[in-house]
Amino acid sequence: MSTTVAAPPAVRLESVTKTYGKGANAVRALRSVSVDIPRGSFTAVMGPSGSGKSTFLHCAAGLDHPTSGSVRLGDTELAGMSETALTKLRRTRVGFVFQSFNLVPALTVTENVTLPFRLAGQKADKEWTAEVLRRVGLEQRAGHRPSELSGGQQQRVAVARALVTRPEVVFGDEPTGALDTVTAKEILNLLRATVDAMGQTVVMVTHDPVAASYADTVLFLADGDIVEAMSSPTADKVAERMTHLGAWS
Amino acid sequence: MLGLALRTLRSRLSGFVGAFVALLCAAAMVTACGILLDTGLRGTVPPQRYAGTPIIVAGDQEVHWTTSKDKGDGEVKEKTKSKPLTERAWIPADLAAKVAAVPGVAAVRTEVTFPATVIGAPGDGESWGHGFESAPLTPYALATGAEPKTGEVVLDAHSGAKTGDTVRVLTADGVGEYKVSGITATALDGQSSVFFSTDEAARLARAGQLTAIGVVPAPGTDTGALADAVRAALTGTPGKVYTGDDRGRLEFVDADAARVKLISMGGAIGGSALLVAILVVVGTFALSMQQRHREIALLRAIGATPRQMRSLIGREALLVGATAAPLGALAGIGLGVWLGSRFRDLGVLPEALDLVISPFPPIVAALATLLAAFVAARVSARGVIRVRPTEALSESGSAAPRVGVARILAGLLAVAGGVVLLIVLSGLRTEPAAGPVTFLTAIVWVVALSLLGPLLARAVAFLLTPVLSVLLRAGGYLAAKTARAQARRMASVITPLGLLVGMTATILFVPTTMGDAAADDLRAGTLASYTVAGHVPSSTAEAIRAVPGVTAATESLTTTVRVGQDKYRAQGLSAQNLTLTVDPGVVDGSFSLDGDHAAISSLAADQRGLSVGDKFTVTMGDGVHVELTVSAIYSRHLGFGDLLLPYPVVAAHVDTPLASTVLVSGTADAAALRAAAGPGLAVLNGAETADARDAAASANAEVQLIAMGLIIAFAAIAAVNTLAMATADRARELALLRLIGTTRRQVLLMLRTETAVAVVLAAIVGTGIALATLTAFASGMTGAARPGFELGTYAVIVGGAAALAWIATVLPGRVALRRQ
């Protein structure tokens with residue numbers, strides 16, 4: 001992966017290694033991974049269980065410290081940042097959509113979406129919040145609690161929250177993993193639309209070849225290393241590649 | 001952040017109910033104890049007998065000593081300490097002339113006070129005799145009849161007697177017949193008065209001494225200025241001036257001792273309650289943090305800093321505290337009033353001492369509770385900071401976190417503290433020192449349990465898995481596995497149950513440990529076959545001695561004295577044929593109470609550095625110093641007190657110089673003794689004496705139990721709400737188990753087994769804590785490492801804990817299962 005654009009990539013990983021545990025029990029989840037995620041791209045990360053895709057996402061998003069190597073978000077070097085500094089960075093420059101349990105049950109849709117502002121001690125941009133809710137199709141539901149929403153609607157709220165701070169990158173960890181195929185398709189279209197219409201950068205970890213086919217590029221991870229980057233993926237091509245990964249290849 | 005805290009509270013009410021209830025109870029208990037403390041500190045005793053006289057001159061009711069402490073920098077700090085006397089101090093009669101000579105004094109009225117009871121009169125309060133000239137001190141006025149001449153008395157309005165009646169009056173001199181010459185118009189609450197002629201009163205009281213001198217100011221004299229003048233005139237004499245409510249304190253000598261007791265008791269219970277509250281609230285908060293693990297991880301992931309999380313949790317706690325504390329404080333006022341009335345019934349709170357109800361205790365209790373809530377939240381938030389944001393991403397976000405090093409270290413520190421306290425406790429030989437340390441020791445061990453609980457639960461579950469799987473199959477297997485995986489939750493359940501069992505056993509078995517040891521001493525040391533109990537005058541004791549077959553009749557009278565600054569329980573025993581009735585377990589010297597001979601317990605001898613043949617000074621209950629010689633040192637101090645003094649010495653310095661018991665040896669039978677003793681006295685054989693003693697001991701234990709019972713109730717509430725919280729939270733897990741084909745029965749069996757494991761563990765640990773604490777207490781206090789465990793009571797404690805635990809798990813479990 002290389003880019004000719006003068007501006008730095010949205011995310012750049014250089015020789016990132018992550019080891020869990022010590023001594024004989026040490027597990028190397030990432031082995032010297034280097035990759036650039038270009039701005040305005042939709043990237044899917046795939047790999048079998050234990051391939052290190054979650055660790056990849058955690059390190060790229062500043063949720064976890066790599067054991068060695070460099071992670072850059074735009075111009076900012078994340079390695080060596082304190083926990084609090086990383087937290088503040090996540091607030092405004094990164095958006096997250098998790099598989100489930102994305103929302104604080106006590107808060108309404110609008111309050112959940114504007115939570116990052118509240119945590120940062122800023123006033124939420126009301127117009128932009130309304131606009132984001134309109135784009136995810138929840139303008140009628142702004143005052144509802146998560147428990148009053150369907151699973152798909154809850155994921156839309158999560159997407160809206162991820163977008164509301166105009167982050168440099170939105171990270172998704174199996175964002176459709178807990179949804180039925182029809183709802184999953186809606187969420188994937190929504191993510192695709194944010195890339196196409198808003199120029200948003202999206203990185204998504206998934207194990208579903210159909211989900212991966214919505215991306216511009218699919219990175220395949222096996223045993224802690226990127227083994228291939230596939231452009232213009234289709235579900236069939238991805239599924240085919242997946243069956244020849246790792247120990248089974 | 002406050003808004004978010006409020007929102008979270010509103011939507012997660014059930015998670016905060018536990019903390020709310022615990023804080024509410026804590027606030028109530030601290031308020032109630034505060035009221036007792038406040039009463040002890042500021043309670044006033046309105047004068048009754050001296051109400052009609054503005055200035056009273058009487059003896060100093062306090063004993064003073066000065067301690068000097070070299071602070072190391074050459075400066076010596078002197079501190080004067082004062083402690084209330086336990087008996088009334090008398091003053092020389094010639095002070096009356098001195099007082100009368102002060103300008104502005106119109107007249108003086110001298111008073112003597114001595115026990116005088118009209119036999120068969122109604123009322124169960126105290127009855128005191130006085131000379132009729134002191135009647136105006138109250139003031140008492142005659143309703144009918146005339147003032148008493150020799151052989152006559154005036155009785156008060158409650159006596160039920162009429163002028164011209166003949167009554168029998170018991171005094172230290174024996175029983176005498178008097179004609180009622182008059183009846184007063186009024187009477188006092190809780191005490192009866194019998195007025196004799198001045199000469200007769202002087203004969204019945206201490207020769208040449210007075211209990212008080214009432215000062216009647218000349219018309220137009222300023223009372224304050226006159227009091228100062230009298231005070232100046234009395235400089236260098238034992239006389240002291242009392243005005244206002246101080247007159248009440250003079251009148252009710254026991255009120256001051258009760259005050260001290262209320263202060264120490266209020267402080268000890270209130271302090272223990274607050275410690276237990278922090279422990280319980282930390283537990284419930286930690287549990288609710290665990291339940292919100294994923295929510296916290298999510299907030300961390302989307303940008304809440306550890307600091308923000310801490311502050312969020314702190315504010316939630318303050319909100320809960322701010323709701324619970326005022327309500328609890330209000331309820332505490334009611335609790336305080338109830339506690340006061342119970343204490344009054346049991347005689348701890350004297351009639352004369354009014355309960356003080358001021359805004360301070362509830363305010364202080366509410367603030368202390370708020371602080372406790374905040375501290376608890378801060379402590380439980382420590383774990384939250386370690387929640388990694390990545391945990392929000394993984395489905396199994398609530399997996400048991402590892403037990404932190406800091407927690408293990410703190411736990412080991414608590415264990416070390418507990419061991420040190422046990423060693424200290426086993427060296428403490430006096431009750432005022434050992435009492436508070438005992439409860440502190442138990443609490444520190446419970447803290448250790450709460451810190452190391454997860455490790456303990458995991459270890460035990462590991463050992464139990466194969467056993468339970470075989471015994472109870474699927475249900476048992478699941479229970480053991482869950483216990484192991486959810487060691488932290490298990491620990492949060494074991495802690496309050498362990499606290500309940502440990503504290504209750506400690507509280508209940510401290511008095512039995514002491515009682516058993518004292519009973520052993522008495523059984524071994526009492527050689528008498530009968531005890532005559534009641535107020536026995538010397539003449540009656542002589543009559544008993546004269547009964548054929550009686551070889552010895554020992555009069556006994558108890559009081560409290562000081563040697564130096566140390567306070568001791570002392571007993572006055574008549575010397576004649578003493579060794580036939582009492583054997584205090586002499587270890588050195590030869591036991592005799594003739595003349596100035598006294599025996600001293602080995603404990604007191606050690607403390608005061610005394611050995612046989614030494615002369616020592618005893619400050620008697622009325623403040624008079626008496627010099628005595630140690631004739632023997634004995635070991636059975638739990639049964640006989642620390643000092644055995646000659647009976648006449650004790651009788652000369654107590655308010656009621658009548659024997660409380662007479663110990664009788666010999667072959668005389670009960671009927672003959674009863675005839676000699678006359679009406680109003682009980683003749684008890686050995687078994688009856690033991691029963692009477694047990695009854696007295698259990699009344700004493702009841703005071704402890706009422707006070708400490710609050711803490712027991714508190715621990716029970718804590719245990720129930722923790723268990724209920726833990727179970728209610730598992731609706732999802734239970735639903736999943738049902739989904740994968742576990743039957744309702746199996747799920748309930750699993751819950752029951754888990755609870756049983758928790759109860760058994762808690763019982764073992766709690767019993768261990770109580771046993772260790774009580775053993776240390778017993779070896780310090782009684783010299784033998786024998787805790788007084790009563791099996792029946794113990795079974796009730798463990799059974800009660802098990803029943804509470806069962807209700808608190810199975811009921812919410814059923815509800816959770818039904819909800820699907």
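What covers the buried residues of helix H7 of chain A? Let me start there. The cover includes strand E3 (42-46), helix H5 (126-135), helix H6 (151-164), strand E8 (201-205) and helix H8 (209-212) of chain A. Helices here are DSSP runs of H or I with at least four residues, strands are E runs of at least two, and both are numbered from the N terminus.

Some ground rules. This is a predicted model, where local features need pLDDT of at least 70, side-chain atom pairs count only at pLDDT 80 or more, and totals for chains, interfaces and linings use all residues. Residues are numbered from 1 along each chain as its sequence is written, chains are lettered from A and ligands numbered from 1 in the order written, and side-chain values use heavy atoms, without hydrogens and water.

Back to H7(A). The helix runs over residues 181-198, 18 residues in total. From first C-alpha to last, H7(A) reaches 25 Å, close to the 26 Å expected at 1.5 Å a residue. That expectation is 1.5 Å times one less than the number of residues.

Its buried residues include A:Ile187, A:Leu188, A:Leu191, A:Arg192 and A:Val195. Buried means under 20% relative accessible area, with a 1.4 Å probe and protein chains only.

Now the ends. A:Asp180 caps the N-terminal end, with a side-chain oxygen 3.1 Å from the backbone nitrogen of A:Val182. After the helix comes A:Gly199, with a positive phi near 70 degrees.

Next, A:Thr206. This residue sits in the loop between E8 and H8 of chain A. Its relative accessible area is 1%, so A:Thr206 is buried. A polar atom of its side chain lies 3.0 Å from the backbone nitrogen of A:Asp208. Beyond four places in sequence, A:Thr206 has contacts (heavy atoms within 4.5 Å) that include A:Val45, A:Lys53, A:Glu174 and A:Ala211.

On to chain B. Helix H14 (residues 538-545) and helix H18 (residues 670-677) have axes that come within 8 Å and cross at roughly 150 degrees. That makes H14(B) roughly antiparallel to H18(B); the cut-off for that term is over 145 degrees. B:Thr540, B:Ala543 and B:Ile544 of H14(B) make the contact with B:Leu673, B:Ala676 and B:Ala677 of H18(B).

Last one: B:Ser665, in strand E25 (residues 659-666) of chain B. Buried or exposed? B:Ser665 counts as buried, because its relative accessibility is 6%.

Conventions
Buried means under 20% relative accessible area, exposed over 50%, partly exposed in between (1.4 Å probe, protein chains only). A polar contact is a pair of N or O atoms within 3.5 Å; within protein, one must be able to donate a hydrogen and the other to accept it, and residues adjacent in sequence count only if both atoms are side-chain atoms. Axes are lines fitted to C-alpha atoms, for helices over the stretch in contact, and angles run from 0 to 180 degrees between N-to-C directions. Angles under 35 degrees count as roughly parallel, over 145 as roughly antiparallel, 65 to 115 as roughly perpendicular and the rest as oblique.
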